[in-house]
Amino acid sequence: MLARKGLLPDGFLLTRLAEDQNQPNRSRSRFQRARFITKTGSCNVAHKNIREQGRFLQDVFTTMVDLKWQHSFLIFTSAFLCSWMLFAMIWWLLAFAHGDLEPRDPNGEPGPVPCVTAIHSFTSAFLFSIEVQVTIGFGGRMVTEECPLAITVLIVQNILGLIINAVMLGCVFMKTAQANRRAETLIFSRNAVIAPRNGRPTFMFRVGDLRKSMIISATVQLQVIRRTVTAEGEVIPVCQLDIQVENPLRSNGIFLVSPLIISHTMERGSPLYELSAQSLASEDLEIIVILEGVVETTGITMQARTSYTPEEILWGRRFVSIITEEDGRYCVDYSKFGNTVPIRMSSLSAKELDQTRGVQEGGSDANLQGWGLVRAGRGGFRRGGRTCDSSAPQPWYAQSEKAEGEVELKGQKKKVQLEVIGRQIEEDGLGELSE
């Protein structure tokens with residue numbers, strides 16, 4: 001129906017239908033797990049039995065900013081009405097004490113000068129209070145110099161009216177300029193995927209910015225929240241573990257000029273290292289994504305959040321490409337933003353794959369990817385799984401199984417032991433240092 005009305009393209013609906021049919025049945029389960037962060041980024045935590053409610057009144061401004069719009073407008077309206085009524089009562093009492101409310105004969109002698117002219121009842125006092133606080137000044141009522149107390153009340157009401165206006169304008173500005181407003185145009189893929197990338201299982205999701213204005217110094221942070229049990233039997237319901245984002249610069253900074261696929265390699269040391277296709281459905285975890293940055297137009301720090309539960313993580317699928325080059329510029333097709341395609345992938349976890357490949361459990365940080373290091377020259381190393389004249393990667397143990405290595409010396413090939421090569425290189429280095 002939406003495509004027929006032109007609201008959504010036909011291709012988007014077709015790809016979404018195909019994607020929904022390919023999703024596993026566990027995503028359609030009636031059981032809905034509790035999550036800390038909703039898909040829209042709000043915190044799904046209910047605070048109960050808070051006894052010290054007075055702490056919220058110590059920070060009134062933040063409390064008013066956090067309120068909903070209808071509650072804020074109710075408070076502002078009540079503040080204005082109460083102040084108008086309060087000072088109307090004060091003006092009426094001043095007029096009553098000075099005798100300005102007594103009836104006078106218009107044809108008789110003029111009476112004493114009133115404190116406020118043209119106040120004959122509480123209604124006229126209420127209208128005068130509104131004119132003073134809002135600084136309307138119709139000219140029919142005014143304060144005279146007869147009563148110094150009336151001048152003092154006029155000053156106090158003006159100051160109080162300015163304070164109420166300042167607080168109201170500040171709250172309205174802060175509510176409209178909140179950081180989560182800018183996050184409304186930052187979108188995340190509804191599902192995350194796990195697919196092989198460079199031979200390793202990789203957790204991936206997509207993020208994009210709908211506005212043309214950039215997010216300065218954008219950073220992405222991933223955390224895993226899961227329930228753990230210590231060796232002593234203590235149950236930790238909320239255990240937060242950081243996940244390293246795959247980045248050659250070893251930082252979480254990104255340049256969000258177009259939709260990006262944020263990835264995390266499931267290697268040793270990763271909280272997802274033992275995650276497999278079978279254990280994914282029964283895992284009690286939640287992956288939280290936090291995107292922070294500075295809005296280019298306003299300079300306000302913003303934060304966008306989302307989370308992925310096991311039902312929203314698709315195993316063996318990959319995001320489709322949505323960026324094309326047309327007329328000398330790049331175009332992004334957001335109708336395929338969350339579309340995925342199935343790929344061939346083993347259902348084993350990254351740990352089981354490493355064990356199958358023969359990765360040692362007690363290896364150093366250099367061979368966490370399942371590749372060994374051998375001496376490649378003086379003071380240097382090279383990957384054991386890739387040789388100079390062989391483009392196909394080989395596991396590290398395949399090199400150790402070879403008893404001999406080939407080296408080229410003066411155009412002739414000679415077979416020598418790898419240990420002999422390393423010993424000769426070290427002796428040459430020591431000889432040059434002694435000379």
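# A quick tour of the chain

D327 sits in the loop between strand 12 (323–326) and strand 13 (329–332); strands (E, at least two residues) and helices (H or I, at least four) are DSSP runs, numbered from the N terminus. You're looking at a predicted model, in which local features need pLDDT of at least 70 and side-chain atom pairs count only at pLDDT 80 or more, while totals for chains, interfaces and linings use all residues. Residues are numbered from 1 along each chain as its sequence is written, and side-chain values use heavy atoms, with hydrogens and water left out.

**The whole chain**

- There are 11 helices and 18 strands in the chain.
- Out of 435 residues, 33% count as buried, a label that means under 20% relative accessible area, with exposed meaning over 50% and partly exposed in between (1.4 Å probe, protein chains only).
- The chain's accessible surface is about 27900 Å², and 56% of that belongs to carbon and sulfur atoms; accessible areas come from the Shrake-Rupley method with a 1.4 Å probe, and for residues only the protein chains shown count as cover.
- Take the contacts in the chain with a separation of 6 or more: 63% of them are between residues 24 or more positions apart (contact means heavy atoms within 4.5 Å).

**Loops with a positive phi**

- D327 has a phi near 55 degrees, which is a positive value in a residue other than glycine.
- D327 counts as exposed because its relative accessibility is 81%.
- N198 isn't a glycine either, yet its phi is positive, at about 60 degrees.
- You'll find N198 in the loop between strand 2 (192–197) and strand 3, and its 79% relative accessibility makes it exposed.

**Salt bridges**

- Side chains of opposite charge can pair when their charged atoms come close.
- The count here is seven salt bridges, where the rule asks for a side-chain nitrogen of Lys or Arg within 4 Å of a carboxyl oxygen of Asp or Glu.
- One of them joins R35 to E312, with the closest N and O atoms 2.9 Å apart. R35 is in the loop between helix 1 (10–22) and helix 2 (54–57), and E312 is in the loop between strand 9 (301–308) and strand 10 (313–315), so this pair ties together parts that are 277 residues apart in sequence.
- K39 also meets E312 in a salt bridge, at 3.3 Å from N to O. Since K39 lies in the loop between helix 1 and helix 2 and E312 in the loop between strand 9 and strand 10, the pair ties together parts 273 residues apart in sequence.
- R35 is buried, with 13% relative accessible area, and E312 is buried too, with 11%, whereas K39 counts as partly exposed at 24%.
- R141 and E131 form another salt bridge through their side chains (3.5 Å, N to O). R141 is in the loop between helix 5 (122–134) and helix 6, E131 is in helix 5, and the two are 10 residues apart.
- R141 comes out as partly exposed at 23% relative accessibility, while E131 is buried at 8%.
- Through shared partners, salt bridges join R35, K39 and E312 into one network.

**Buried spots**

- Leaving out residues up to four places away in sequence, M204 touches A192, V193, A195, R197, I261, I262, S263 and F319.
- M204 and H264 are 60 residues apart in sequence, but their C-alpha atoms are 6.4 Å apart in space.
- R317 is part of strand 11 (residues 317–319), and its 5% relative accessibility makes it buried.
- The side chain of R317 makes a polar contact with the side chain of T340 at 2.8 Å. A polar contact is a pair of N or O atoms within 3.5 Å; within protein, one must be able to donate a hydrogen and the other to accept it, and residues adjacent in sequence count only if both atoms are side-chain atoms.

**Helix 9**

- Helix 9 (residues 350–357) has A350, L353 and D354 buried. Down the helix axis, these buried residues fall within an arc of 100 degrees, so they line one face of the helix; the arc is that of the directions from the helix axis to the C-beta atoms.
- Strand 3 (200–209) is among the things covering those buried residues.
- Just past helix 9, G358 takes a positive phi of about 95 degrees.

**A nonpolar patch**

- F61, I151, I155, I159, I163, V167, F173 and M174 make up a nonpolar surface patch, with about 700 Å² of accessible area together. Patches are made of residues with over 30% relative accessible area and no salt bridge, joining like charges within 9 Å and nonpolar side chains (Val, Leu, Ile, Met, Phe, Trp, Tyr) within 5 Å.
- Helix 6 (residues 148–176) gives the most to the nonpolar patch, with seven residues.
- I159 lies in helix 6 and counts as partly exposed at 47% relative accessibility.
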